[in-house]
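Open the structure in your viewer and keep the selection tool at hand. This tour goes from one selection to the next.

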Amino acid sequence: MVCRKTDRTMNRQVLLFIYLLSVDSGFGQVSYSIPEEMSRGSLVGNIAHDLGLEIKRLISGKAKIYTRNSDQYIELNRERGVLLVKERIDREALCTETALCALNFQIILENPMEFYTVTVQITDINDNAPTFEKSEMKFKISESATTGSRFLLERAVDLDVGINAVQNYQLTSTDNFVLKLQSNADGNKNVEMVLQKPLDREKQEQISLVLTAVDGGEPQMSGTMQILITVLDINDNAPVFTRQTYKAAVTENSPKGTVIATVTASDADQGSNGKITYSITNTLDNVRKMFEVSREKGDVSVMDNIDFEKSKRFQINIGASDEGGLTNSCKLIVDVLDVNDNKPEINIMSKSTVISEDAKVSTVVTMINTEDLDSGDNGNVKCFISENVPFMLKSSTNNFYSLMTDSNLDRERASEYNITVTCSDEGVPSLSSSVTLTLQISDVNDNAPVFERTSYEAYIIENNTPGLSIFIVKATDADWNQNARVSYILEDSSVNGVPVSSYVSVSADSGVIHAVRSFDYEQIKDFQFRVKAQDGGSPPLSSNVTVKIMIQDQNDNPPQVLYPVQTGGSLVAEMVPRSADVGYLVTKVVAVDVDSGQNAWLSYKLQKATDRALFEVGLQNGEIRTIRQVTDKDAVKQRLTVIVEDNGEPSRSATVIVNVAVADSFPEVLSEFTDFTHDKEYNDNLTFYLVLALAVVSFLFITCLVVIISVKVYRWRQSRILYHSSLPVIPYYPPRYSDTLGTGTLPHVYNYEVCRTTDSRKSDCKFGRAGSQNVLIMDPSSTGTIQRIQTEKSILDEPDSPLEQKPPNNDWRFTQGQRPGPSGATGGPEVAMGTGPWPQPPTEAEQLQALMAAANEVSEATATLGPGTMGLSTRYSPQFTLQHVPDYRQNVYIPGSTATLTSNPQQQQATAQQATQQALPPPQASAQPEPPKAAQTPASKKKSTKKEKK
């Protein structure tokens, strides 16, 4: 029966003692004592007060509990600074083989790193009752057993310790046996049943007893086992072992079946009473799982794997019994020998993954704990780290190490370290384990930018474009990220009193140097300045470099003639006597070029001369000398044009005019050179007039071109207006109006104007407009019309006078209903009322008389025209002949008359049919019909015949 204590109100005493393991304030140890089976959240102790730490130190240091085991029974409350029970603690499950049970763990703090060792003692409470492995035990006892015979009983097992363990045994319901307890050297008690009264099988063959085990706890707990005794016949000798205690040793990890010891017992009886069997009598421990004994031989062998780290010693209780029921026992002590079969365990208690490169020496980076489950030399562990790293591993306490910096760090040499920590034991063979720690080195701005060169020189050709890129300065920074971002700055300085920023500029990002202005080699040949490279760190670091700009010359200046001086007013001439010999030095042309190098190398050439055979010019020195003897035939005035060229690319030049007088006396020279200025002035005036005349002619040409285009556009617009007009044109012939060129067959009046120039035979004639656009108005005497006809006749008499006729306007075509007079449609209301197109119609006789007179005059006037052209210009022949002129022979209408003159029989029939339809309403105006093809009229045939006769 198992009884647990439920009353948690019992007084609990917590023992506290603090002691320091070392002088260093960062390490200490605290011990607490608590009973088992405390509820979750129960207070263990005020760790902050006991260690002398403040609550905020626990919070800022991220205090935590470190334990080697995965199970945590104690937790830390940082806000209160106390230790609390996290899980229910069962002392019997936690400490199975030891009476003293304790929890050991460490409290770790960071920034700075500290740790403290805490020990919590777990005290036992009476929560387990004594128990027997078997519920009953059977004995066979001979009746001849003597008084005082001892029978070993099974001990009860109580998982509690101390006063709570088994304290006493009781044997009830017996008169023959008494219970005795025998203490052993190891502190345990053997329970023996002693016969105090002889047995009598005839009186009682079976005896039943109850063995009770009682502990000393509060409340008291107990366990029972029933003992069944069978009384046998006489067997008066029990087995006897050669030794009461046997000792043996076995190495851990021994294979199964390994015999570690043999026990031997003997029995003086004979027969079946002397046959001994062996058995292991251990109760609740795991001995029966680990070992077995041979029933007949007594050999003890290994059944399961033996682990030294779990059990270092075994006590095996071996019993010997004969068939008569007599037994005896002995014990076998087995010591387990350690084998180096466990590698050291490396536990990282706390670590930093990043450290600044300016960290001080001995800065702790990682804290390590090692543990080896082996014992002796096999459990002695030593740790070391890889070489060539600026770190060291220092042992602070037993099995605790601190990884700290050993020297100054430099991220530019190594930005990351892979530190391998290796721990090995001293066993044979030695076992080891390792762990690799990766540590990043954070950057500090400790490197200034460095230029690729100590100084720079660059060349640029003068007359450059402002903004031109000259070259690039480059600086690098060994730092990282923002600390390595380099900016370029032009330091303030001056060049010839002018700020250098007006000459060049520097790109802050790329370091490209640009020219701010266009340089002139003749003004400045070189200059220097300083460029500063600054990183983006805090504070920023910088360095500077000197840059020298060399300006290269360009051939941008022509030579300048210093002598002879060219003046505008006065005339300077060199005199050469007529007695001068060959090579006579006349003068020397002196010129300079402000450029440099080959751009300033000058050469002299004679470009023009009055007499090239008389003078020459030195190519290099510019000396003008005679190349032959001067004679009397040589002109007094000699004009030399000397060109001075430099050696640049492209070459530039200048010219100078040298006047040379070949004479022996000055008056002769003066008389000959008086007209030099006049000639020059005359040439200047001539050039001016030529330029002026060219400008005037160009202006007149452009003006005429604009006028002609304007006239053309105007006429085109007028013709388009008339062409698109939708108003009907009805010819109206008042009295005394006639067709000036008619032959009596024209339905419209056409009037031709002839315009002629003074040279008519070389120009084209531009004629004419239709009669509807130019109507002749006759005075009552009709003299105006005759004069106009005579004038046109005189013009047409000239055989080569071309006439230009426009094609007839489409407006002259009318339908039968639109024609005026009785030959049209039937008269409407307007005609009846006298308000139509002929308000005062002349008599038919007057109209016919005027028409015939005009026709005769026109036929005489046009008799001289060429055949087939009706007096038109040759421009219309042969492409434009009478086929382009409407057929005027179809109808002739006499205003005010009902008669219609026609020469076409088909047309006459059409007229007769039309007369029968006059009663019908007039038809709608249809689209204008195409003009009929022109046919040669009788009048034109007559004129052709007359001309051929001439």
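**Charged pairs**

Select Glu 133: with a relative accessible area of 34%, this residue is partly exposed. The model you are looking at is predicted. Glu 133 and Arg 288 form a salt bridge, and their closest N and O atoms are 3.2 Å apart. The pair links distant parts of the chain. Glu 133 is in the loop between β8 (114-123) and β9 (136-142), while Arg 288 is in helix α4 (residues 287-290). They are 155 residues apart.

Next, select Glu 192 and Arg 150. Their salt bridge has its closest N and O atoms 2.6 Å apart. Glu 192 is in strand β13 (residues 189-195) and Arg 150 in strand β10 (residues 150-153), 42 residues apart. Is Glu 192 buried or exposed? Glu 192 counts as buried because its relative accessibility is 13%, under the 20% cut-off. Arg 150 is partly exposed, with a relative accessible area of 45%.

Then go to Arg 411, Glu 412 and Asp 443. Salt bridges that share partners join these residues into one network.

One more pair: Arg 68 and Glu 371. They form a salt bridge with the closest N and O atoms 3.3 Å apart. Arg 68 is in the loop between β4 (64-66) and β5 (74-77), and Glu 371 is in strand β27 (residues 364-371). The two are 303 residues apart. Arg 68 counts as partly exposed at 41% relative accessibility. The structure has 17 salt bridges.

**Cysteines**

How many disulfides does a search of the whole structure find? It finds two. Select Cys 95 and Cys 101 to see one of them, with sulfur atoms 2.0 Å apart. The link is right-handed, with 65 degrees about the S-S bond. Both cysteines are buried.

Now select Cys 383 and Cys 423. Their sulfur atoms are 2.0 Å apart in a disulfide. This link is right-handed, with 105 degrees about the S-S bond. It ties together distant parts of the chain: Cys 383 in strand β28 (residues 381-385) and Cys 423 in strand β31 (residues 416-425), 40 residues apart. Cys 383 counts as buried at 15% relative accessibility. Cys 423 is buried too, at 0%. Counting bonded cysteines along the chain, the pattern is 1-2, 3-4.

Two further cysteines to click: Cys 330 is buried, with a relative accessible area of 5%, and Cys 704 is partly exposed at 46%.

**A hairpin**

Select residues 391-397, strand β29, and residues 400-405, strand β30. The strands run antiparallel and six bridges join them. Find Phe 391: its bridge partner in β30 is Thr 405. β29 and β30 form a hairpin with two residues between them. Stop at Asn 399 in the turn, where phi is positive, at about 65 degrees.

**A buried arginine**

Select Arg 578, in the loop between β45 (573-576) and β46 (585-588). Arg 578 is buried, with a relative accessible area of 15%. Which backbone oxygens does its side chain reach? One is that of Asp 634, at 3.3 Å. Another is that of Val 662, also at 3.3 Å.

**Last stop: a nonpolar patch**

Select Phe 688, Tyr 689, Leu 692, Val 696, Phe 699 and Leu 700. Together they make a nonpolar surface patch of about 650 Å². Phe 688 lies in helix α6 (residues 676-723). Phe 688 counts as exposed because its relative accessible area is 52%, over the 50% cut-off.

Technical notes. Residues numbered from 1 in each chain as written. Predicted model: local features only at pLDDT ≥ 70, side-chain atom pairs only at ≥ 80, totals over all residues. Heavy atoms only, no water. Patch = residues over 30% accessible without salt bridge, like charges linked within 9 Å, V, L, I, M, F, W, Y side chains within 5 Å. Areas by Shrake-Rupley, 256 points an atom, 1.4 Å probe, with all protein chains shown as cover. Salt bridge = Lys/Arg side-chain N within 4 Å of Asp/Glu carboxyl O. Helix = DSSP H or I, 4+ residues; strand = E, 2+ residues; numbered from the N terminus. Buried < 20%, exposed > 50% of the residue type's maximum accessible area, 1.4 Å probe, protein only. Pairing = 2+ DSSP bridges. Disulfide = S-S within 2.5 Å. Polar contact = N/O pair within 3.5 Å; in protein donor to acceptor, adjacent residues only side chain to side chain.
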